[in-house]
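Trainee: Please take me through how a model like this is read, one feature after another, with the rule stated before the case.

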Amino acid sequence: MKMANRIIDLGRDLKRLFIDWGTYYSSPVRWKLRGWVYTALFASVVVIAFRFDEPIRYFFFALHTHFADRLAGYLHWYGTGYATLYVFLGLYLCGLLFNFPRTRLKGIMVLQAYLYSGLITISLKSLVGRFRPFAGKGFLAFTPLVAGPNSHLSFPSGDVAVAFSLSIILAGFSRNWVWRSVWIIIAMLTSLSRMYYDAHWFSDVIFSTVNASAAAIWLLRSHEDELVNRPVGSHSEGT
(Lines give C-alpha, C1' and ligand atoms only; values in the text may rest on other atoms or scores of the structure.)
Protein backbone atom coordinates (compact mmCIF):
# COMPACT_ATOMS: atom_id res chain seq x y z
CA MET A 1 0.00 0.00 0.00
CA LYS A 2 2.86 2.39 0.85
CA MET A 3 4.52 1.69 -2.49
CA ALA A 4 1.25 2.40 -4.28
CA ASN A 5 0.98 5.72 -2.43
CA ARG A 6 4.51 6.66 -3.44
CA ILE A 7 3.72 5.97 -7.09
CA ILE A 8 0.57 8.08 -6.84
CA ASP A 9 2.58 10.90 -5.27
CA LEU A 10 5.16 10.66 -8.05
CA GLY A 11 2.43 10.93 -10.68
CA ARG A 12 0.94 13.96 -8.98
CA ASP A 13 4.34 15.63 -8.85
CA LEU A 14 4.92 15.09 -12.56
CA LYS A 15 1.51 16.57 -13.28
CA ARG A 16 2.30 19.54 -11.03
CA LEU A 17 5.58 20.07 -12.86
CA PHE A 18 3.91 20.50 -16.24
CA ILE A 19 0.89 22.45 -14.96
CA ASP A 20 3.14 24.97 -13.24
CA TRP A 21 5.33 25.12 -16.34
CA GLY A 22 2.38 26.13 -18.49
CA THR A 23 1.12 28.61 -15.91
CA TYR A 24 4.50 30.32 -15.61
CA TYR A 25 5.18 30.72 -19.31
CA SER A 26 1.64 31.85 -20.06
CA SER A 27 1.63 34.42 -17.24
CA PRO A 28 2.44 37.42 -19.53
CA VAL A 29 -1.00 37.16 -21.10
CA ARG A 30 -2.46 37.90 -17.65
CA TRP A 31 -0.15 40.78 -16.82
CA LYS A 32 -1.59 44.18 -16.07
CA LEU A 33 0.17 47.47 -16.75
CA ARG A 34 2.56 47.07 -13.82
CA GLY A 35 3.92 43.79 -15.18
CA TRP A 36 4.73 45.33 -18.54
CA VAL A 37 6.29 48.38 -16.89
CA TYR A 38 8.60 46.10 -14.88
CA THR A 39 9.51 44.23 -18.05
CA ALA A 40 10.35 47.47 -19.84
CA LEU A 41 12.49 48.59 -16.90
CA PHE A 42 14.30 45.25 -16.91
CA ALA A 43 15.00 45.53 -20.63
CA SER A 44 16.30 49.06 -20.09
CA VAL A 45 18.66 47.89 -17.34
CA VAL A 46 20.07 45.17 -19.60
CA VAL A 47 20.61 47.66 -22.43
CA ILE A 48 22.35 50.08 -20.06
CA ALA A 49 24.51 47.20 -18.77
CA PHE A 50 25.95 46.80 -22.27
CA ARG A 51 27.62 50.19 -21.79
CA PHE A 52 29.62 48.78 -18.89
CA ASP A 53 30.61 45.47 -20.47
CA GLU A 54 34.10 46.47 -21.59
CA PRO A 55 35.10 48.53 -18.50
CA ILE A 56 34.04 45.76 -16.13
CA ARG A 57 35.88 43.18 -18.20
CA TYR A 58 39.12 45.17 -17.89
CA PHE A 59 38.51 45.65 -14.17
CA PHE A 60 38.53 41.89 -13.61
CA PHE A 61 41.80 41.53 -15.52
CA ALA A 62 43.57 43.25 -12.63
CA LEU A 63 42.17 40.89 -10.00
CA HIS A 64 43.81 37.65 -11.08
CA THR A 65 45.77 35.90 -8.33
CA HIS A 66 46.38 32.25 -7.49
CA PHE A 67 43.89 32.37 -4.61
CA ALA A 68 41.24 34.12 -6.75
CA ASP A 69 41.72 31.52 -9.49
CA ARG A 70 41.01 28.67 -7.06
CA LEU A 71 38.04 30.44 -5.49
CA ALA A 72 36.53 31.17 -8.89
CA GLY A 73 36.93 27.50 -9.80
CA TYR A 74 34.98 26.37 -6.73
CA LEU A 75 32.25 28.92 -7.40
CA HIS A 76 31.97 27.81 -11.01
CA TRP A 77 31.03 24.33 -9.78
CA TYR A 78 28.01 25.81 -8.01
CA GLY A 79 26.72 27.10 -11.32
CA THR A 80 27.26 23.91 -13.33
CA GLY A 81 24.05 22.29 -12.09
CA TYR A 82 25.57 19.57 -9.91
CA ALA A 83 24.64 21.37 -6.70
CA THR A 84 21.08 21.76 -7.99
CA LEU A 85 20.93 18.06 -8.86
CA TYR A 86 22.16 16.96 -5.43
CA VAL A 87 19.80 19.28 -3.57
CA PHE A 88 16.83 18.22 -5.70
CA LEU A 89 17.52 14.50 -5.24
CA GLY A 90 18.16 14.89 -1.52
CA LEU A 91 14.96 16.81 -0.83
CA TYR A 92 12.68 14.99 -3.22
CA LEU A 93 13.75 11.43 -2.40
CA CYS A 94 13.64 12.14 1.32
CA GLY A 95 10.16 13.60 0.99
CA LEU A 96 8.95 10.75 -1.21
CA LEU A 97 10.43 7.84 0.75
CA PHE A 98 9.59 9.15 4.23
CA ASN A 99 6.24 10.71 3.36
CA PHE A 100 7.21 14.36 3.95
CA PRO A 101 5.04 16.21 1.40
CA ARG A 102 6.47 19.66 2.02
CA THR A 103 10.01 18.36 1.69
CA ARG A 104 8.99 16.75 -1.58
CA LEU A 105 7.53 20.03 -2.74
CA LYS A 106 10.78 21.82 -1.96
CA GLY A 107 12.64 19.34 -4.13
CA ILE A 108 10.20 19.91 -6.99
CA MET A 109 10.62 23.66 -6.68
CA VAL A 110 14.41 23.37 -6.91
CA LEU A 111 13.99 21.44 -10.16
CA GLN A 112 11.32 23.80 -11.48
CA ALA A 113 13.40 26.93 -10.92
CA TYR A 114 16.28 25.28 -12.78
CA LEU A 115 14.11 24.24 -15.72
CA TYR A 116 12.04 27.42 -16.07
CA SER A 117 14.98 29.81 -16.19
CA GLY A 118 17.06 27.26 -18.08
CA LEU A 119 14.69 27.01 -21.03
CA ILE A 120 14.82 30.76 -21.55
CA THR A 121 18.61 30.73 -21.22
CA ILE A 122 19.16 27.96 -23.75
CA SER A 123 16.74 29.49 -26.24
CA LEU A 124 18.33 32.94 -26.08
CA LYS A 125 21.88 31.60 -26.34
CA SER A 126 21.13 30.13 -29.76
CA LEU A 127 18.85 32.97 -30.83
CA VAL A 128 21.28 35.78 -29.97
CA GLY A 129 24.61 34.06 -30.67
CA ARG A 130 26.71 36.56 -28.77
CA PHE A 131 30.49 36.13 -28.75
CA ARG A 132 32.06 35.50 -25.36
CA PRO A 133 34.60 38.05 -24.09
CA PHE A 134 37.57 35.72 -24.54
CA ALA A 135 36.76 35.43 -28.26
CA GLY A 136 38.18 38.93 -28.72
CA LYS A 137 35.37 40.15 -30.99
CA GLY A 138 34.03 42.88 -28.72
CA PHE A 139 30.81 43.22 -26.72
CA LEU A 140 28.62 43.94 -29.75
CA ALA A 141 29.59 40.91 -31.84
CA PHE A 142 26.70 38.51 -32.60
CA THR A 143 26.00 35.54 -34.87
CA PRO A 144 22.25 34.97 -34.43
CA LEU A 145 20.52 31.61 -34.81
CA VAL A 146 23.44 29.32 -34.00
CA ALA A 147 23.86 26.18 -31.90
CA GLY A 148 27.59 26.65 -31.34
CA PRO A 149 30.48 26.73 -30.92
CA ASN A 150 30.63 27.60 -27.24
CA SER A 151 32.43 30.88 -27.93
CA HIS A 152 29.26 32.12 -29.69
CA LEU A 153 26.92 31.37 -26.75
CA SER A 154 27.60 34.12 -24.24
CA PHE A 155 24.16 35.70 -23.75
CA PRO A 156 22.76 34.96 -21.25
CA SER A 157 24.85 33.11 -18.64
CA GLY A 158 23.67 29.60 -17.84
CA ASP A 159 25.86 29.31 -14.74
CA VAL A 160 24.44 32.51 -13.27
CA ALA A 161 20.88 31.38 -13.98
CA VAL A 162 21.54 28.05 -12.26
CA ALA A 163 23.19 29.71 -9.26
CA PHE A 164 20.47 32.28 -8.65
CA SER A 165 17.55 29.91 -9.27
CA LEU A 166 18.92 27.52 -6.63
CA SER A 167 20.01 30.17 -4.13
CA ILE A 168 16.77 32.13 -4.14
CA ILE A 169 14.68 28.98 -3.76
CA LEU A 170 16.81 27.80 -0.81
CA ALA A 171 16.78 31.28 0.73
CA GLY A 172 13.01 31.39 0.39
CA PHE A 173 12.58 28.23 2.46
CA SER A 174 13.66 30.07 5.60
CA ARG A 175 12.93 33.35 7.37
CA ASN A 176 16.42 33.41 8.88
CA TRP A 177 18.27 36.37 7.36
CA VAL A 178 21.68 34.74 7.88
CA TRP A 179 20.62 31.64 5.92
CA ARG A 180 19.14 33.80 3.19
CA SER A 181 22.18 36.02 2.97
CA VAL A 182 24.59 33.09 2.66
CA TRP A 183 22.79 31.66 -0.37
CA ILE A 184 22.43 35.01 -2.11
CA ILE A 185 26.11 35.80 -1.53
CA ILE A 186 27.11 32.44 -3.04
CA ALA A 187 25.05 33.21 -6.15
CA MET A 188 26.55 36.68 -6.43
CA LEU A 189 30.09 35.34 -6.10
CA THR A 190 29.33 32.73 -8.76
CA SER A 191 28.23 35.54 -11.07
CA LEU A 192 31.46 37.43 -10.43
CA SER A 193 33.47 34.29 -11.15
CA ARG A 194 32.00 34.06 -14.67
CA MET A 195 33.23 37.58 -15.46
CA TYR A 196 36.51 36.87 -13.70
CA TYR A 197 37.08 33.92 -16.06
CA ASP A 198 36.28 36.17 -19.04
CA ALA A 199 33.45 33.79 -19.94
CA HIS A 200 30.61 36.33 -19.78
CA TRP A 201 29.89 40.00 -20.19
CA PHE A 202 28.34 42.06 -17.41
CA SER A 203 25.05 42.32 -19.34
CA ASP A 204 24.93 38.51 -19.68
CA VAL A 205 25.09 38.25 -15.92
CA ILE A 206 22.48 40.95 -15.30
CA PHE A 207 19.94 39.29 -17.59
CA SER A 208 20.44 35.84 -16.06
CA THR A 209 20.21 37.19 -12.52
CA VAL A 210 16.81 38.75 -13.15
CA ASN A 211 15.56 35.85 -15.29
CA ALA A 212 16.38 33.22 -12.67
CA SER A 213 15.22 35.39 -9.78
CA ALA A 214 11.85 35.97 -11.44
CA ALA A 215 11.25 32.23 -11.89
CA ALA A 216 12.31 31.38 -8.34
CA ILE A 217 10.27 34.16 -6.73
CA TRP A 218 7.21 33.21 -8.80
CA LEU A 219 7.48 29.62 -7.55
CA LEU A 220 7.90 30.68 -3.92
CA ARG A 221 4.85 32.93 -4.11
CA SER A 222 2.77 30.35 -5.98
CA HIS A 223 3.40 27.66 -3.36
CA GLU A 224 3.63 29.84 -0.28
CA ASP A 225 0.47 28.42 1.32
CA GLU A 226 1.56 24.81 0.71
CA LEU A 227 5.00 25.40 2.18
CA VAL A 228 3.64 27.03 5.32
CA ASN A 229 0.19 25.62 5.99
CA ARG A 230 -1.04 22.85 3.72
CA PRO A 231 0.64 19.53 2.92
CA VAL A 232 1.16 18.47 -0.69
CA GLY A 233 -0.64 15.33 -1.78
CA SER A 234 -2.93 13.20 0.33
CA HIS A 235 -0.67 12.72 3.37
CA SER A 236 0.42 15.04 6.15
CA GLU A 237 4.07 15.60 6.94
CA GLY A 238 5.48 14.39 10.21
CA THR A 239 7.15 16.73 12.69
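Mentor: Asp198, at 11% relative accessibility, counts as buried (under 20% relative accessible area, with exposed over 50% and partly exposed in between, for a 1.4 Å probe and protein chains only). This is a predicted model, in which local features need pLDDT of at least 70 and side-chain atom pairs count only at pLDDT 80 or more, while totals for chains, interfaces and linings use all residues. Residues are numbered from 1 along each chain as its sequence is written, and side-chain values use heavy atoms, with hydrogens and water left out.

Trainee: Where does Asp198 lie, and what is its phi?

Mentor: Asp198 sits in the loop that links α8 (177–196) to α9 (helices being DSSP runs of H or I with at least four residues, strands runs of E with at least two, numbered from the N terminus). Its phi is positive, about 65 degrees, although the residue is not a glycine.

Trainee: Is Asn99, which also has a positive phi without being a glycine, buried or partly exposed?

Mentor: Asn99 is partly exposed, its relative accessible area being 23%. Its phi is about 60 degrees, and the residue is placed in the loop between α5 (82–97) and α6.

Trainee: For the peptide bonds, which residue pairs are joined in cis?

Mentor: Gly148 and Pro149 are joined by a cis peptide bond whose omega is about 0 degrees, and the bond from Phe155 to Pro156 is cis as well, with omega near -10 degrees. Pro149 belongs to the loop between α6 and α7 (158–172), and that loop between α6 and α7 also holds Pro156.

Trainee: How should I describe the packing of two helices?

Mentor: Two packed helices are described by the angle between their axes and the distance between the axes. Here, helix α1 (residues 2–25) and helix α6 (residues 101–128) have axes that come within 11 Å and cross at roughly 40 degrees (axes are lines fitted to C-alpha atoms, for helices over the stretch in contact, with angles from 0 to 180 degrees between N-to-C directions). On the α1 side the contact (heavy atoms within 4.5 Å) is made by residues including Asp9, Asp13, Arg16, Trp21 and Tyr25, and on the α6 side by residues including Arg104, Ile108, Gln112, Tyr116 and Ile120. Sorted by class, the contact of α1 with α6 has ten nonpolar, two polar and five charged residues (nonpolar being Ala, Val, Leu, Ile, Met, Phe, Trp, Tyr, Cys and Pro; charged Asp, Glu, Lys and Arg; polar the others, Gly among them).

Trainee: At what distance and angle do α5 and α7 cross, and which residues make the contact?

Mentor: The axes of α5 and α7 come within 9 Å and cross at roughly 35 degrees. Ala83, Thr84 and Val87 of α5 meet Val162, Leu166 and Leu170 of α7, a contact with five nonpolar, one polar and no charged residues.

Trainee: How much space lies in the largest pocket, and which elements give two or more residues to its lining?

Mentor: On a 1 Å grid over the protein atoms alone, a pocket is an open set of points with protein on both sides within 12 Å along at least five of seven lines, a cavity is a set where a 1.4 Å probe fits but cannot get out, and lining residues have an atom within 4 Å of a point. Points are joined across faces, edges and corners, and a volume is the space filled by probe spheres set on them. The largest pocket holds about 960 Å³ of space, and of the 19 residues that line it, Trp31, Gly35, Tyr38, Thr39 and Ala214 are the closest to its centre. The elements that give two or more residues to this lining are α1, α2 (33–50) and α9 (202–222), and α9 supplies the largest share, seven residues. Twelve nonpolar, four polar and three charged residues make up the lining of the largest pocket.

Trainee: What lines the second largest pocket?

Mentor: Among its lining residues are Lys106, Phe173, Arg175, Arg180, Ile217, Arg221, Glu224 and Val228, and the elements giving two or more residues are α9 and α10 (224–228). Its space is about 320 Å³, and the lining has five nonpolar, two polar and five charged residues.

Trainee: How many cavities of 30 Å³ or more are there, and which helix gives the most to the lining of the largest?

Mentor: The count is one cavity of 30 Å³ or more, and the largest cavity contains about 40 Å³ of space. Helix α3 (residues 53–61) gives the most to its lining, with four residues.
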